[in-house]
Amino acid sequence: AAISEIFAAPAAGAPAGRNDPKFCAALQQIVDAADGDFASRRTGEPSKMMPSWESTVALPGSSTCRVADKDPVSFGSVFCVMAESADKAVVEAAQTATTDQVSACLIGWKSGTGEQLGTRWLEFEPATQKSSNRSLQVHVRLTEPVENARGSVTIDVAVKRPGSKPVSSPN
């Protein structure tokens, strides 16, 4: 099935914010750009701090969406900052809301969880990958606030290289 065929249409009577058609459409546009390593989503000049560009598509509710260049782990990615706060409760509530939004869009995708050094994530990948040497993944990440640093919730859409850890548990 084409990637665009596995995105859910908004359900009638879905709770507000849970199955937002604009959010799902924007996420679909980002995922559809994965075959070209997200090059079609780049705009403007690359950042001087790291090889990334503004994205031509922003997820509703995000403060920024950027396209990262290829690196040793991935063939490229789009990452969007959905929330930032020094208040752990605010960041955790944002993660729940963001996870609900992403889950509502990725019907039929496998999911799993992970945690490492103050970062927790929920990861999704299609039930069937198009290629054995490229793995499309969507992560909702929560980085906990620590002294002098705000916590954040981000959505990362990436095409991982072989050997990257797969989603561990089916949905």
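View 1. You'll find N148 in the loop between β7 (135–143) and β8 (151–160). Helices here are DSSP runs of H or I with at least four residues, strands are E runs of at least two, and both are numbered from the N terminus. Phi of N148 is positive, about 65°, although N148 is not a glycine. Most residues other than glycine have a negative phi. A word on the source: this is a predicted model, in which local features need pLDDT of at least 70, side-chain atom pairs count only at pLDDT 80 or more, and totals for chains, interfaces and linings use all residues. Residues are numbered from 1 along each chain as its sequence is written, and side-chain values use heavy atoms, with hydrogens and water left out.

**View 2. D37, a buried loop residue with a positive phi.** D37 sits in the loop between α1 (21–32) and β1 (42–43). Its phi is near 55°, again a positive value in a residue other than glycine. Is D37 buried or exposed? With a relative accessibility of 12%, D37 counts as buried.

**View 3. The disulfide between C24 and C105.** Two disulfides turn up in the structure, a disulfide being a pair of cysteine sulfur atoms within 2.5 Å. One of them joins C24 to C105, with 2.1 Å from S to S. C24 lies in helix α1 and C105 in helix α2 (residues 88–105), so this pair ties together parts that are 81 residues apart in sequence. The link is left-handed, with -90° about the S-S bond. C24 counts as buried at 5% relative accessibility, and C105 counts as buried at 0%.

**View 4. The disulfide between C65 and C80.** Here the S to S distance is 2.1 Å. C65 is in strand β3 (residues 64–68) and C80 in strand β4 (residues 74–85), 15 residues apart, and the pair links distant parts of the chain. The torsion about the S-S bond is about 115°, so this disulfide is right-handed. Both C65 and C80 are buried. Number the bonded cysteines of the protein in sequence order and the pairing reads 1-4, 2-3.

**View 5. A158 in strand β8.** A158 is part of strand β8 and, at 4% relative accessibility, counts as buried. Which residues does A158 contact, leaving aside its neighbours within four places in sequence? They are F38, G76, S77, S135, L136 and Q137, where contact means heavy atoms within 4.5 Å. The C-alpha atoms of A158 and F79 are separated by 8.4 Å, although these residues are 79 apart along the chain.

Key
Buried < 20%, exposed > 50% of the residue type's maximum accessible area, 1.4 Å probe, protein only.
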